[in-house]
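Work through the exercises below with the structure open beside you, and try each task before reading its solution.

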Amino acid sequence: MSPTVRYIVAAALLLFAWKGSTLEIPWPPEKTTIDTPAPPRELLAWAEQLRPIAARMLPKDRIYLENLYDAMVYVLMRDGKRPDPIISDTAKFVTFHTSTLRLAIDKESVGKYPGLAEAIDEVFFLAAGPDVKPIDTDTRAKLIAACGVLSWTLGVHRDE
Amino acid sequence: MSRFDPAVEYERGLRGAFVDLREDELLVDSILRHGGDPLGEHVASTWEFEGLAKDKLTATWNAVMRVWPGCWPGPPQDRGDCVSWALMRAALTSWTCELLDGKPDEVTGIIEGQPEVSPEGVKNCVISSEAAYWWRGWAGDGWTCSAAARAISNDCGIWLRKNYPDLKIDLTTYSAKTAGLWGAKSPPDSIREFGRQHLVRTSTVIKDHMAVGDFLAAGYGVYFCSSLAWSKERDDQWGYSPTTNGSWAHAQAVVGWDARQETLKKWGEPLACILNSWGPRWNRGNRKVYGESLSIPEGAYWTKSSVLARCQCVALSSVAGWPARKLPHFGARGEI
């Protein structure tokens, strides 16, 4: 036994002695999930068009977008707390959303999932409507809810 | 092809703009009746934009031409209707700055948007000067800056350059003949009703020429009437044109202000950018803004701001515009 291996074995024996005779590392690993509450059913209905598309997406892409829209929830909430919100009307929100996606999504990946862009936009249309209008408290809440619906629906296994 | 050469006609004494003290009084009265303030300097101070132009270049023309590429200088005027041209340049400035501002209209609460105007309409300066000229009150040529300000706030409003088949008028391109349609008698009620949909809310008279820069910096268009004439040559470095010994009874719009330190050092005062309505070729010379990559429009020139003290300057406030168009998408299209 080489000197290095001897030290590893010694450390393992000390660990067992210190922690007791049983090893408390579960094997096989248990499935642990931390989950957020689902949005209300009537809001999840905004994502009807998105659901089948999400089901065909790669998990890594779903998780990426889930986190992106989750982050947008917080950005909108924080912006709403400003005395002078930056995203003050729906046209500015469109600019914010466009710019976010432009930075977050590789150019080569645009169009990877046909219909995804339209389905995402549809969620916002159903939430806030097509008019250019100031973002009052109600509209902001709806945009935040829309981001929440997107985040939830894009999450893995949530389309089931 | 028109044989009217505005540069020649004004040099010969065409009276496109004149002063009428009674009209000045009527304008003040109209402003006060509608809750406005006829004293420009007071407006700048009350609304806290006094000094806004200090130490900087205010390239208002650039803001307008970003929204409406190619809108200026437009074609040359083809009769003595310079006041309506100058008026509409100022109105386009105020309206476009409102669009860029993006805030809800202070009266209606609606966020206003940029309506569709055809490329031909944009090339003819986006909004019609003829629709204002119909209100000049007599059949001949010539108008006052005061009466024009009163008309745009009470009667004519702003008209997009397009065809109005219901009214049997096509305003897509500038026409001297269309400009002369009414005048001696007021246009019919159908015209007034349409014009009243998009009135300029108020105006004010600026007596202190330095306040002109502040109005431009705050996004309000300014035009003026005077008897001053300018050189047809812009200098090589600044695009500057001095006044001459000649006399034009003429109206023009102020579309920029340069109060940078280097400008004050060279000229001892800010420079004002004037946009003439004689087309792109009445003058020549450098158009590049000193020290910048920007250029002023063809037909424009820089001049000493102090000359405006010899002009009757009017500023126009916000416009009752058009509701914003619907959002075509919410940002994901083409990005994911």
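**Exercise 1.** Determine in which sense β5(B) and strand β12 of chain B pair, and over how many bridges.

*Solution.* In this predicted model, β5(B) and strand β12 (residues 312–316) of chain B run antiparallel to each other and are joined over four bridges, where strands are DSSP runs of E with at least two residues, numbered from the N terminus, and two strands pair if DSSP finds at least two bridges between them.

**Exercise 2.** Find where S94(B) is placed and which residues it contacts beyond its neighbours within four places in sequence.

*Solution.* S94(B) sits in helix α5 (residues 82–101) of chain B, helices being DSSP runs of H or I with at least four residues. S94(B) counts as buried because its relative accessibility is 2%. Leaving aside neighbours within four places in sequence, its contacts (heavy atoms within 4.5 Å) are G219(B), Y220(B), G221(B), L316(B) and S317(B).

**Conventions.** Residues are numbered from 1 along each chain as its sequence is written, and chains are lettered from A and ligands numbered from 1 in the order in which they are written. Local features need pLDDT of at least 70, side-chain atom pairs count only at pLDDT 80 or more, and totals for chains, interfaces and linings use all residues, while side-chain values use heavy atoms, with hydrogens and water left out.

Conventions:
Buried < 20%, exposed > 50% of the residue type's maximum accessible area, 1.4 Å probe, protein only.
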